[in-house]
Amino acid sequence: MTNRAGAPVVVGVDGSRSALDAVGVAAREAVARNRPLRVVHAFIWPLFGVPLGPAPVGPPDGGLRNEAERIVTEAVAEAGKIAPELTVTGYLSDGAPTPVLLREARDAALVVLGTRGLGGFAGLLIGSVAVQVSARADCPVLVVRGEPRADGPVLVGVDGSALSTEALGFAFAAAAQRDTGLLAVHAWLTPAPIGPGDVLPLVYDVEALAAEEERALAGWSQRYPDVPVTRRLVPGAAARVLVEASASAQLTVVGAHGRGALGGVLLGSVSHAVLHHGHGPLVIVRRPAA
């Protein structure tokens, strides 16, 4: 996971209820990691050349820029209510949401986003921002979906790839912070015959899969000996398996790219299934921590 000294947790806000929910999750994540919180609003209107200040006949505190500043101020205040001891700063950045958030991710420990929004973050989950940021961010991205569960394990998808190992590290740390267990799921598929008499090769050796998963988990278990681990090898499509398992998890963690059943997890069907149909907060880890 990301260990950049002093790196903040960054949360994107736009004035919507979903964004304020994300602020609450981000504040708790920052406290758990002993990190500062940075509240960011992408102010897209300068790109369109429209007037940003108060109207000549309007109130002096009117106008698009003043409204954007109020969005940031409200979000900072919300974080302060949740975690009064937390160091919180607000930042208004001119630009479109995706490039603004990607710049922030370069120096962040974690980026937190809501699922629905207004203005610059409109359609966050079903549109392009969440997908683009998760695909290209230099730190893990947490997408807040619905009301987070207070119980249940941290769910992590395992496939033996390098990013799967990074996802395991993030998931173990998250489970330790939440004082809960870890559910490591490795999904696999057996090819279906094409026609009568079709002979299929053995694509997955279940014993080999179990040994691979055991090796992947062993090192992290030594670092987090108090985190109970449940290992589950599940025959089936990774997308379906993870979506179903996320219903009883308080957090789901996946690598952005993998191999085997979780290959192409962000850009293929698995990521879309987990992003669009999964339950609770989702963390996507795109690359090993710097």
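Modeller: A nonpolar core is a set of buried Ala, Val, Leu, Ile, Met, Phe, Trp, Tyr and Cys residues joined through side-chain atoms within 4.5 Å. Please note that this is a predicted model.

Biologist: How many residues has the largest nonpolar core, and which have the most contacts inside it?

Modeller: The largest nonpolar core has 81 residues. Those with the most contacts inside it are V11, L37, V112, V156, L168, L182 and V253.

Biologist: Which helix gives the most to this core?

Modeller: Helix α5, residues 162–178, gives the most, with 9 residues.

Biologist: And what does V11 touch?

Modeller: Leaving aside residues up to four places away in sequence, V11 touches A22, V23, A26, L37, R38, V39, V40 and V112.

Biologist: Changing topic, what is the mean pLDDT of the chain?

Modeller: The mean is 82, and 80% of the residues reach 70 or more. Over residues 118–127 the pLDDT is below 50, although this stretch has 28 contacts in the model beyond near neighbours in sequence. Residues 260–268 are also below 50, with 35 such contacts. Where pLDDT is low, the predicted coordinates should not be read in detail.

Biologist: Now H41: buried or exposed?

Modeller: H41 is buried, because its relative accessible area is 6%, under the 20% cut-off. H41 lies in strand β2, residues 37–43.

Biologist: What does the side chain of H41 reach?

Modeller: The side chain of H41 reaches the backbone oxygen of V13 at 2.9 Å. Beyond residues up to four places away in sequence, H41 touches several residues, among them D14, A68, I71 and Y91.

Terms used. Residues numbered from 1 in each chain as written. Heavy atoms only, no water. pLDDT = per-residue confidence, 0-100. Contact = heavy atoms within 4.5 Å. Helix = DSSP H or I, 4+ residues; strand = E, 2+ residues; numbered from the N terminus. Buried < 20%, exposed > 50% of the residue type's maximum accessible area, 1.4 Å probe, protein only. Polar contact = N/O pair within 3.5 Å; in protein donor to acceptor, adjacent residues only side chain to side chain.
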